[in-house]
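Hi,

Here is the structure we talked about handing over. Please open it first, then read on for what was found.

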Amino acid sequence: MKITILGPAHPYRGGLASIMEIMARTFRLRGNEVDIKTFTLQYPSLLFPGKSQTVDTPPPADLDICRCVNTVNPFNWLRVGRRIRRERPDFVLMKYWTPFMAPCFGTIARIARGNGHTKVLCQIDNVEPHERHLTDKPFNRYYLRAVDGFVYMSEQVHRELEAYSKAPALFSPHPLFENFGERVARSEACVRLGLDPAVGYALFFGLIRDYKGLDLLLDAWRWAADKKPITEGAELIVEPVEAVTHCEVCGRDYATVEHGKICPHCDSGDTYLLQGQEVMIKQIETPDEDPADAAPDGLSDAPDAVDAANPLHIA
């Protein structure tokens, strides 16, 4: 089959780009002809004033990636749609995660389907965005009604999708990331990292936000803690960290939630998040022990603490 993937890919950073590249490799390994069309402009600087949309690494040599899509230029949408229509892939696979992409994607999809051969499929992350706007519903209608079939990753997304489209929809759990290397045995990993294999470690990977399953994290903690006597009954308390942004132009810090990405002191967009996304173990406390159960060899029976030099290492 001839497949065109349209969405984030190198040089854009993040999980969306990684997933699209993994899917392209998977299709190619199965004998398909695959190309990726990604953005020349994904978000305008007004909406994304930071410096972290892209990476500086070379493009992957095993993928055919073409930067040709401008999300805010309607003339570009027409050109890309006509190009795909001429190329006649069997299907175009689009990644949809925000209504901001709907005018661009919807126009390209309608034109590409005009050859009577190409189908438009969509791997959809979200229907209704986490931050709502008046344009969300009309934008969603415009794009989602131009799609021939969907792959969704949660029943909530499926329910929301049914309000816009009756096209066939397939459930598939979130793909596994394969771009972090092969799995390494714990003993070998401890040697590489200079860690004591006799000590237990907690690793938080990525960002933890309420809408990204914080409730599931708390449930998982309860399940895991009760499996071992030493942690049975332990409680995980989540303390939100105030978000603070730093401006590289004037060098001042300010409250992120109140002012966003634009510095209130100098109106610069050259800013980055200083704190507010990090997750670490702040403290682990244990109940007072009976003297007969006190730790031997002079070890302290005071509450366990976190090693300040390595906050994920329980001292």
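How many helices and strands does the protein have? There are eight helices and ten strands. Keep in mind that this is a predicted model.

Overall figures

Of the 315 residues in the protein, 34% are buried. The exposed surface comes to about 19,700 Å². Carbon and sulfur atoms supply 55% of that area. Take the contacts between residues at least 6 apart in sequence: 66% of them join residues at least 24 apart.

Helix 1

Helix 1 covers residues 15-29, which is 15 residues. From first C-alpha to last, helix 1 reaches 21 Å. That is close to the 21 Å expected at 1.5 Å a residue. The buried residues of helix 1 are A17, S18, I19, M20, E21, I22, M23, A24 and F27. What do they pack against? The partners are five strands by name: strand 1 (2-6), strand 2 (33-41), strand 3 (65-70), strand 4 (91-96) and strand 5 (119-124). After helix 1 comes G31, with a positive phi near 90 degrees.

Helix 3

T118

Look next at the loop between helix 3 and strand 5, where T118 lies. Is T118 buried or exposed? Its relative accessibility is 3%, so T118 counts as buried. A polar atom of the T118 side chain lies 2.7 Å from the backbone oxygen of P89. Leaving out residues up to four places away in sequence, T118 touches R88, P89, D90, F91, V92, A112 and R113.

Cysteines

How many disulfides are there? The count comes to zero. Take C66 as a case. Its closest cysteine sulfur is in C68, 3.9 Å away. A disulfide needs the two sulfur atoms within 2.5 Å, so the C66 sulfur is too far away for a bond. C66 is partly exposed, because its relative accessible area of 22% falls between the 20% and 50% cut-offs. C190 has a relative accessible area of 6%, and so is buried.

That covers the findings.

Best wishes

Notes
Residues numbered from 1 in each chain as written. Predicted model: local features only at pLDDT ≥ 70, side-chain atom pairs only at ≥ 80, totals over all residues. Heavy atoms only, no water. Helix = DSSP H or I, 4+ residues; strand = E, 2+ residues; numbered from the N terminus. Buried < 20%, exposed > 50% of the residue type's maximum accessible area, 1.4 Å probe, protein only. Contact = heavy atoms within 4.5 Å. Areas by Shrake-Rupley, 256 points an atom, 1.4 Å probe, with all protein chains shown as cover. Expected span 1.5 Å × (residues − 1). Polar contact = N/O pair within 3.5 Å; in protein donor to acceptor, adjacent residues only side chain to side chain.
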